[in-house]
Amino acid sequence: GTESGTRKYGGDLTYRLNQPWSVGGEVFRQENLSTGAVRDMAELRGRYAMPGYEVFAGLRHVEDTLGTGEAHRSEQLFVGGKYQFTERLTGRIQHDQTLSSTDQSVDYPTRTTVGLDYRVTKDTTVFADQELTRGDSADTATTRVGFRSAPWTGAQIGSTMEQQTTENGSRLFATTGLKQSWQITKRWSADTGMDRSATIRQTDGYTMNASVPPASGGTEDFTAVYLGAAYRADTWSWTGRIENRHADSEDKVSTYLGA
């Protein structure tokens, strides 16, 4: 539903200068064909990666122009990194700092995210993230804890418990997911999976646009099941997927084909 009447186009490029250093950038435009709103985003970044740690930094420009002509901008400096403390424990941090105090884009506020990953076994990792945002429209705090697991070849299980606190209320919800991929032959592969989100507790609040979820988290409960297949030849490839999604607001069957 959030993609209805939306056109997006852009590009992403990364160039490796040498073994530890790389530079890159991304640009895209997103148009809402029903309201006339346009989002332009441009980002330039550099990364230094070595065994056991990496750091990155960059600049980002986002401008949202509404159908009325009103504009909201975010000029951001972002820095972050990842460090492997031990064989099992890895830490992550990223801070996006908006350089102007006014006209901030609703989806690009000042944001700080700190996280830890702990590898319990070869195939299972427990993780925790704390995210804080500060913007014109809202200040939020989001906590995520959960695990990711690959119990057998081609499979991945994920489960999280998330607590969101904003100036409009608080929400506690759980998300679980399972996906499985099979390499049938050298050219054919298939995948299937399930995602589910359930709200445990939610206080009253409001939303600016019922069709668009917030930048962090979701707004309704849902269960989605999908089945996909792919074929890869020497110079071309084909993918297909069918998904059945049952949510509070609607039931939907979607088919995606690409080549």
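User: Which side chains does Asp117 meet in a salt bridge, and how do I read that term?

Analyst: A salt bridge is a side-chain nitrogen of Lys or Arg within 4 Å of a carboxyl oxygen of Asp or Glu. Here the side chains of Asp117 and Arg92 form one, at 3.0 Å from N to O. Asp117 sits in strand 7 (residues 110–119) and Arg92 in strand 6 (residues 89–98), so the pair ties together parts 25 residues apart in sequence. Strands (E, at least two residues) are DSSP runs, numbered from the N terminus.

This is a predicted model: local features need pLDDT of at least 70, side-chain atom pairs count only at pLDDT 80 or more, and totals for chains, interfaces and linings use all residues. Residues are numbered from 1 along each chain as its sequence is written, and side-chain values use heavy atoms, without hydrogens and water.

User: Is Asp117 buried or exposed?

Analyst: Buried means under 20% relative accessible area, exposed over 50%, partly exposed in between (1.4 Å probe, protein chains only). Asp117 is buried, at 14%. Arg92 is partly exposed, at 24%.

User: Which residues do salt bridges with shared partners join into one network?

Analyst: Asp12, Glu43, Arg45, Arg60 and Asp96. The whole structure holds 18 salt bridges.

User: What is the distance between the closest N and O atoms of Asp64 and Arg39?

Analyst: Their salt bridge has these atoms 2.7 Å apart. Asp64 lies in strand 4 and Arg39 in strand 3, so the pair links parts 25 residues apart in sequence. Both residues are buried.

Conventions. Helix = DSSP H or I, 4+ residues; strand = E, 2+ residues; numbered from the N terminus.
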